[in-house]
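The sequence and structure come first.

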Amino acid sequence: MNVTLETRALTKRFGGLVAVSQVDLVIPEKSIASVIGPNGAGKTTFFNCITGFYTPEEGDILFNGTSIVGFTPDRITTLGIARTYQNIRLFPNMSAFENILVGEHPRLKSTWPEAILHTGRQQREEAAALKEARRLLRFVGLTGLGDQLARNLPYGAQRRLEIARALGSSPKLLLLDEPTAGMNMQETAEMIHFIRMLPEEIGITVLLIEHDMRVVMSISDQISVLDYGEKIAEGSPVEIQRNPRVIEAYLGRGAASGLDNTEAEAA
Amino acid sequence: MRPTIRNAIISGIVFGLIVILMDLIGLFETLSDILAGFIFDKPTEQTLLASLVFILVLMGMWAGARGAQPLESSTRYKERLGALTAGFTTGLIVAVFVIIIGAINAQGIDMRKYLAQMSPDSIEFFLFGKPPLTAALIYILLFTAAGLAGGLVSLLLGRGRLSRGYEKLRTQLLTSWETTSLARRINQFTYTQQVVYGVLVVLALALPFTLGQYWNFTLGTVGIYVLMGLGINIVVGLAGLLDLGYVAFFAVGAYTVGLLTSPQQLSMFQISFWPAAILGIIIAAITGIILGIPVLRLRGDYLAIVTLGFGEIIRILIRSDLLSDYLGGPQGIRDISGPSLFGVSLTSDRAYMIMIILSILLAIFVTIRFQESRVGRSWIAMREDETVAQAMGINTYTSKLMAFAVGAAFAGLGGVLFASRNQYIGPEDANLLVSINVLAVVIVGGMGSIPGVFVGAFVLKGLPEILRQLQDYRILAFGALLVVFMIVRPEGLWPSKRRRLEMRETDLEEEADSPPIPPGTTPPVSEESLS
């Protein structure tokens, strides 16, 4: 089993606040892993450490076996980690198509003199980039909306476009920050379907943050639970659903003890 | 009824105050003078008065149109009443003003001590040469009538129909052009496209030969602004880096060519125009990078303040006694030599006009090529959201430096042409107002839009040249225009349009070329969910 992403004792502090504390995580290749936890548990901070926006104080992040701690965000993206945002952050005044083209940026190699002179290499590369963008647009089901400005797209389409943009860089690891936030039931069902096929269809690993338990339980191979920055549990969806510490973190102590008893009785 | 009337009274007060302000600074006299001179050969007392009444009626109609602005649950009758009220209020306020200044004037007090434009003659003129009370009555009647007329006109035209009509016309023109078979053919076959562009270029280059010396010089000035507008369009319009010290790069280009070609300073280095021009552009670009490095981490307001300071530092350095042995201090550099080709001197206004047009064409070419490449896309992405742009793998450091360098190179080229054409460059050619003017060109025209730069440059540089008599009020007009534009058309006169990439390409390519939709992918969003 190849490991795509591994964090070792990852710790991020903001002044006195420990946002992420000693988190160990191992994500196998082509799996779907979820990070869950109550609000303020440090999930997004964890994402920001992986993508290079924050530099962790302690610990290590290994991507395909090499440490990426201290790298700039653009370098990490170039290595093969792409992400989406909790509150959609597309480039609002660019067309959907151009958004994807920007996503392809790290894969494109042509330089500015080539751009001015329109060298053969640059033109071939641009043509291939356009083709790839069209393919991705189709892949996320937005064919026909490519020339719309991103800000004019409906909400669900914006979420999908954000994923298409992230896929533009041909990542090996895709980080999704609450991909179904604000979606209705049908849109959520479509999104679950879409995420579930990603590892098989295009061979990438997915790590997601999600609040919607139905989503998490139905697509995750592995779930890690954060609470106050610490990892309090890890395992398959079934294991997590039964874990008393998780229930305590979500529902409070009383609920957990009540459940403990029933668990014990059942055992 | 109340909100309509309240709205109308407020409009009336505002317009009344505007009329008073315009009179206090003597704008009515100047405008009447221009208008009378424009329509009649020699302005006489009567024609001047007629012009004044005409301008006042226009103001009154505008006030009436504002007053007639329909609110919720308002009827046509109320709107007409609103127009009438707005006009009447304007007239009332101006009438009070007229009585006051008339009384002061009758006392023989000279107001020019406090307000330079308020000479007895000017007051007489504003009072139509009548006693104050009669004049006040005339003003009330005039504005009430004009207000009502304005209200009727605005109701006839429909609310905001004018601006929407303009927008509609523009889109119609563009779409009808895009859908014509000619345009399709042009878009499909690059050779036809090249021929059309070639014809346009030839036409542009033929322009200087049809113009006289004055117009070649005037349009040349506009052209230099277009060139600089294209440069700042890259920095501000595309990359979103608010640069208020843009004139510094212009100065660097101008002074480089000045120092290297003028016999006055540093004569040991004297070289001919062409290598000096190229050096000027390169040094300007390097200056752009040098400025770029320390401000890389700054965003928005902070960036604007630092670049503003940088522009001023350059100007003060040029002026300073410290460097006056080298840069000429406040005297500047004279006798800058012009270009020549095969022994033919190219220093006529026409020759410069041709060089300016060629430079603009080059700048447009470079801009378009950048826009259609990953470099240009990374600039726009940075403007839209710098953090996300970086997360998309864009190296924001090099991307910003690139934008600064290209923008500075355009400004440097503008400076080279400016200094060489005037055969002189001084520190005052590099003052802050130039930066602001160039920025205004881009804002008025439309950020990130190439045609917008032309529109903006003609509006802001061409019009004042044509209306030379307005010069005293140029700054005032500038400010007013900018404020109006920011309110009415924040996106500029000719906003940029995103290229249609998906549709055009799919038209040409075979649909079957792309792989099938993977199973489970959701179908395209239907029209319903769009609304």
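In helix H10 of chain B, residues B:Tyr225, B:Met228, B:Gly229, B:Ile232, B:Asn233, B:Val236 and B:Gly237 meet B:Val438, B:Leu439, B:Val441 and B:Val442 of H19(B); two residues are in contact if their C-beta atoms, placed from the backbone, lie within 7 Å. This is a predicted model, in which local features need pLDDT of at least 70, side-chain atom pairs count only at pLDDT 80 or more, and totals for chains, interfaces and linings use all residues. Residues are numbered from 1 along each chain as its sequence is written, while chains are lettered from A and ligands numbered from 1 in the order in which they are written.

**Helix packing in chain B**

- The contact of H10(B) with H19(B) has 8 nonpolar, 3 polar and no charged residues (Ala, Val, Leu, Ile, Met, Phe, Trp, Tyr, Cys and Pro count as nonpolar, Asp, Glu, Lys and Arg as charged, and the others, Gly among them, as polar).
- H10(B) spans residues 213-238 and H19(B) residues 432-445; their axes are 9 Å apart, at an angle of about 75 degrees.
- Helices (H or I, at least four residues) are DSSP runs, numbered from the N terminus; axes are lines fitted to C-alpha atoms over the stretch in contact, and angles run from 0 to 180 degrees between N-to-C directions.
- H10(B) and H19(B) are therefore roughly perpendicular to each other, a term for angles of 65 to 115 degrees.
- Helices H11 (residues 247-261) and H13 (residues 300-319) of chain B cross at roughly 35 degrees, and their axes come within 8 Å.
- From H11(B), B:Val247, B:Ala248, B:Ala251 and B:Tyr255 take part, and from H13(B), B:Phe310, B:Gly311, B:Ile314, B:Arg315 and B:Ile318.
- This H11(B)-H13(B) contact comprises 7 nonpolar, 1 polar and 1 charged residues.

**Contact between chains A and B**

- Chain A gives 47 residues to the contact and chain B gives 38.
- On the side of chain B, the elements giving two or more residues are H15 (349-371), H16 (374-384), H17 (386-391), H22 (502-508) and H23 (527-530).
- H16(B) supplies the largest share of that side, 7 residues.
- The chain B side divides into 19 nonpolar, 10 polar and 9 charged residues.

**Domains and confidence of chain A**

- Domain 1 of chain A covers 1-80 + 171-267 and domain 2 covers 93-170; the bounds come from an automatic or database domain assignment.
- Their C-alpha centres lie 28 Å apart.
- In chain A, 8 residues of domain 1 are in contact with 8 residues of domain 2.
- Chain A has a mean pLDDT of 89, with 94% of its residues at 70 or more; pLDDT is the predictor's confidence in each residue, from 0 to 100.
- Residues 262-267 of chain A have pLDDT below 50, and this stretch has 1 contact in the model beyond near neighbours in sequence.

How values were computed: Angles under 35 degrees count as roughly parallel, over 145 as roughly antiparallel, 65 to 115 as roughly perpendicular and the rest as oblique.
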